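I am opening a notebook on this structure. My entries follow what I looked up, in the order I looked.

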Amino acid sequence: MNIVTRQQGNSTLVDVQGDIDLYNSPEVRKIILEELKEKKVARLIVNLTGVRYIDSSGVASLVEGLKVSRSMSSRFMLYGLSPAAREVLELSRLIRVFEVYGTEQEALQAK
Amino acid sequence: MDYAVKLSFPSDPRYLGVVRGAVERFAALTGFDEEDCRWITLAVHEALTNVIRHAYHNQHDQPVELRLRERDEGMEVVMVDHGTGVKQEEMCGRELDDVRPGGLGLHMIREIMSETQYLPLEGRNELHLFKKRGSKTSVGE
């Protein structure tokens, strides 16, 4: 698992590479919550292009990020979902609660 | 018929990827299409994470056994642990309209598999899962 954060204008992007499962979702959760709670970023965009597999603990980390972003009045967005990651979010019926975009450009340009 | 594949491994999340690989390939061998293979793999993965978290309370050195076989035009999975058993009435999952982390795994297993049976036995717990070929997993509403 490899996680890199970078800045693009007023957006902070979190690039995640590898599977997000019980083994490494705590690391993803830690970084997302750190950006939102401590750095108080205005827009957090999670790049899932490099994520082939995500389980319920990974989904739970994203849901927690979404809930914290709402409490901090910041935006939380996802892009680059693989078919498998999209299926898991659809099965858990949580896909509709997230702002999901196809590409980085679309996420950055979202009003 | 006996189980074609038996895997024994410790309750360490590092092995989740290894187990997923074995289950996905066995499902393909049994005749499931690529999408169903992904679903079955997810269900078994979620069952294993439940064992690690709830039966063994995140202890990573406890024994888990996984048995796989083909039967009745489908695939049967049995997962055995020796941890804390859960009563059937406590296995409730979460309300899907309640947007919060946690409680998703059990919901996923039930949505994916054709049959799910949990048996808290003397000294061990067994989870029996069966997926029939052709029984598609529906996502969304």
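**Entry 1: a serine in a loop**

Which backbone oxygen lies 2.6 Å from a polar atom of the side chain of Ser11(B)? I looked, and the oxygen belongs to Gln59(B). I note at once that this is a predicted model.

I then placed the serine. Ser11(B) sits in the loop that joins strand E1 (5-10) to helix H1 (16-29) of chain B. Is Ser11(B) buried or exposed? Its relative accessibility is 0%, so Ser11(B) counts as buried.

Next I listed what touches Ser11(B), leaving aside neighbours within four places in sequence. I found Ile52(B), Tyr56(B), Gln59(B), His60(B), Asp61(B), Gln62(B) and Val64(B). I also checked Asn58(B). It stands 47 residues from Ser11(B) along the chain, and their C-alpha atoms are separated by 7.9 Å.

**Entry 2: two positive phi angles in chain B**

Asn58(B) made me look at its backbone. Its phi is positive, about 65°, and it is not a glycine. Most residues other than glycine have a negative phi, so I wrote this down. Asn58(B) belongs to the loop between H2 and strand E2 (63-71) of chain B. With a relative accessible area of 45%, Asn58(B) is partly exposed.

I found another case at Asp72(B). Its phi is positive too, about 45°, and again the residue is not a glycine. Asp72(B) lies in the loop from E2 to strand E3 (74-81) of chain B. Is Asp72(B) buried or exposed? Its relative accessible area is 52%, and the cut-off for exposed is over 50%, so Asp72(B) is exposed.

**Entry 3: chain B as a whole**

How many helices and strands does chain B have? I counted three helices and five strands. Along the sequence they run β-α-α-β-β-α-β-β.

Chain B has 141 residues, and buried ones make up 46% of them. I then took the contacts between residues at least 6 apart in sequence. Of these, 64% join residues at least 24 apart. The chain exposes about 7000 Å², with carbon and sulfur atoms supplying 47% of that area.

**Entry 4: a glutamate facing chain B**

I moved to chain A and picked Glu87(A). It is part of helix H3 of chain A.

Which side chain makes a polar contact with the side chain of Glu87(A)? It is that of Arg38(B), at 2.6 Å. Setting aside residues up to four places away in sequence, I found Glu87(A) touching Glu35(B), Arg38(B), Trp39(B) and Val139(B).

I widened the view to the helix. H3 of chain A covers residues 83-91, and its buried residues are Ala84(A), Ala85(A), Glu87(A), Val88(A), Leu89(A) and Leu91(A). What do these buried residues pack against? In chain A they meet helix H2 (56-71) and strand E4 (75-79). In chain B they meet helix H2 (34-55) and helix H3 (104-112). After H3(A) comes Arg93(A), whose phi is positive, near 60°.

**Entry 5: the sheet of chain A**

I traced the strands next. Chain A has an open sheet of five strands in the order E1-E2-E3-E4-E5, with mixed pairing. Which strands form the edges? They are strand E1 (2-8) and strand E5 (99-101), each pairing on one side only. Neighbouring strands are turned by 25° against each other on average, direction ignored.

E4(A) and E5(A) run in the parallel sense and share three bridges. Tyr79(A) stands opposite Tyr101(A) of E5(A). H2(A) packs on this sheet and touches strand E3 (43-50) and E4 of chain A. The direction of H2(A) makes about 150° with that of E4(A).

**Entry 6: two helices of chain A**

Which residues meet here? From H1(A) I noted Ser25(A), Arg29(A), Ile32(A), Leu33(A), Leu36(A) and Lys37(A). From H2(A) I noted Ser57(A), Gly58(A), Ser61(A), Leu62(A), Glu64(A), Gly65(A), Val68(A) and Ser69(A).

How values were computed: Residues are numbered from 1 along each chain as its sequence is written. Chains are lettered from A and ligands numbered from 1 in the order in which they are written. This is a predicted model: local features need pLDDT of at least 70, side-chain atom pairs count only at pLDDT 80 or more; totals for chains, interfaces and linings use all residues. Side-chain values use heavy atoms; hydrogens and water are left out. Buried means under 20% relative accessible area, exposed over 50%, partly exposed in between (1.4 Å probe, protein chains only). Helices (H or I, at least four residues) and strands (E, at least two) are DSSP runs, numbered from the N terminus. Contact means heavy atoms within 4.5 Å. Two strands pair if DSSP finds at least two bridges between them. Axes are lines fitted to C-alpha atoms, for helices over the stretch in contact, and angles run from 0 to 180 degrees between N-to-C directions. Accessible areas come from the Shrake-Rupley method with a 1.4 Å probe; for residues, only the protein chains shown count as cover. A polar contact is a pair of N or O atoms within 3.5 Å; within protein, one must be able to donate a hydrogen and the other to accept it, and residues adjacent in sequence count only if both atoms are side-chain atoms.
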